[in-house]
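Please look through the sequence and the structure shown below before reading on. The report that follows takes up a few places in turn.

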Amino acid sequence: MVRKESLAQLLDEGRREIQVTDEELAEAKRRRKLLAASASRAFPGSTTYYNGSVAHGDANTPLTDVDLGVVLTKKDAEPYGPGKKSALALMEKVREVIHADLDDEFDDLTIEVEGRRRAVLVRFGDPVTQGQDDFTADVMTALPHPSGRGLCIPNMKIADQWDPADPITHTRMVLRAIEDTEVVFARTVRLLKHWNGTHSKPLCSWNIKALCLGCLDEPMPLINALRDFFTYAADEIDKGPTPDPAGVAGPIPLNMPRRDVHKRLRTAKEYINLAIEHEKAGRPLSAQHALHQVLPELVPDADGTQEEAGRLAQTVLAGGTAASGLGLATRLVTPTRPRAWGD
């Protein structure tokens, strides 16, 4: 027998299913702390910062990586930066100290510098989530930006290139949004990252969060948060790339052509609206079926046509028009049916 659950129940169950476990999080933070200590030892007087999903409070399971950075003092940073030396020597120094500090604990530890665009890649050779191949960390060597706003981060794809960025402000903005929305922001991001991963990854995780910062600023039901995100994101991507919320870096690049990203956002918006309409009309199975199209691995499918058939029978018995009220049937060919993801 199919359970008739509300959209709120389905989304709450789904977000709990993908939320990182306490055990994963604790071990990831422990390893991050070890790396921060090594980075501080490599550059005395420097400061470290955390960013990425663990720092932002929106990590999903399986947990596969962590992000952090070290900001050199102005004195140590003086030989480096735009038009000066590249970050290669700094990255090699971090690698050397991390090896010295962690080789004894992690037998299969490897650290990559060559070919890395922005950060030193640490491979622990030991996952924090059972069944995963590994757990990694990106360790950024950054400089204070001459303007006093944000940082200069390496861009090793171009000789001596450094790019402006402000990951510290990004983390502060996300944590503030989580507080303002009473955790709805983080839960919505978790669901959106899952949607993204099951629909060809049109957006990077930071683009999702940057768009959420533009539309989620108060507590609300998760289904409303998804509706507001997809409505806002579709409109914004239709206009152009997402700007940096901190106003320091350039626009956030997309993972596929903007036209394709917009189609995926628009289609998701239409299915979310359809799910809400069905639920308001007392059709939970049809609502679940519509939500399944957006979150196929989190929300089980339900045969919404059962409800439509029953409603049609009741309409006929009551002497009504047989086809009346069928405009919201997701499995019937109707003018209001959402577009397919690639249409």
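Are F106 and F124 buried or exposed? F106 is buried, and F124 is buried as well, where buried stands for under 20% relative accessible area, exposed for over 50% and partly exposed for what lies in between, with a 1.4 Å probe and protein chains only.

This is a predicted model, in which local features need pLDDT of at least 70 and side-chain atom pairs count only at pLDDT 80 or more, while totals for chains, interfaces and linings use all residues. Residues are numbered from 1 along each chain as its sequence is written, and side-chain values use heavy atoms, with hydrogens and water left out.

## Aromatic pairs and charges over rings

A search of the whole structure finds 4 aromatic pairs, a pair being rings of Phe, Tyr and Trp (its six-membered ring) with centres within 6.5 Å, where planes under 30 degrees apart count as stacked, over 60 as edge-to-face and the rest as tilted. Among them is the pair of F106 and F124, which is edge-to-face, with 4.9 Å from centre to centre and 70° between the planes. This pair links distant parts of the chain, since F106 lies in the loop between α5 and β3 and F124 in the loop between β4 and β5, 18 residues apart. Helices here are DSSP runs of H or I with at least four residues, strands are runs of E with at least two, and both are numbered from the N terminus.

Another edge-to-face pair is formed by W195 and F230, at 5.0 Å centre to centre and with 75° between the planes. Because W195 lies in helix α7 and F230 in helix α9 (residues 222-239), the pair ties together parts that are 35 residues apart in sequence. W195 counts as buried at 0% relative accessibility, and F230 likewise counts as buried at 0%.

R31 is found in helix α2 and is buried, with a relative accessible area of 2%. Leaving aside residues up to four places away in sequence, R31 touches F106, F124, D126, P127, V128 and F135, a contact being heavy atoms within 4.5 Å. The table lists two cases of a charge over a ring, for which NZ of Lys or CZ of Arg must be within 6 Å of the ring centre and within 35 degrees of the ring normal.

| Charged end | Ring | Distance from ring centre |
|---|---|---|
| R31 | F124 | 5.0 Å |
| R32 | Y50 | 3.7 Å |

T171 has its place in helix α6 and counts as buried at 9% relative accessibility. Apart from residues up to four places away in sequence, T171 touches Y50, N51, A55 and H56.

## Helix α5

At 1.5 Å a residue, the 15 residues of helix α5 (residues 88-102) should span 21 Å, and this agrees with its end C-alpha atoms, which are 21 Å apart; the expected span is 1.5 Å times one less than the number of residues. The buried residues of α5 are L90, M91, V94, V97, I98 and L102. They cover an arc of only 130° around the axis, which puts them on the same side of α5, the arc being that of the directions from the helix axis to the C-beta atoms. On the other side of α5, E96 and A100 are exposed. The cover over the buried residues of α5 includes α2 (22-42), β3 (110-112), β4 (119-123), β5 (136-144) and β7 (161-165).

## Backbone features in loops

T61 and P62 are joined by a cis peptide bond, with omega about 0°, and P62 lies in the loop between α3 (52-56) and β2 (65-71). Although E182 is not a glycine, it has a positive phi of about 55°; E182 is placed in the loop between α6 (167-180) and α7 (184-197) and is exposed, with a relative accessible area of 58%. V183, also not a glycine, has a positive phi of about 80° and lies in the loop between α6 and α7, where V183 counts as partly exposed at 35% relative accessibility.
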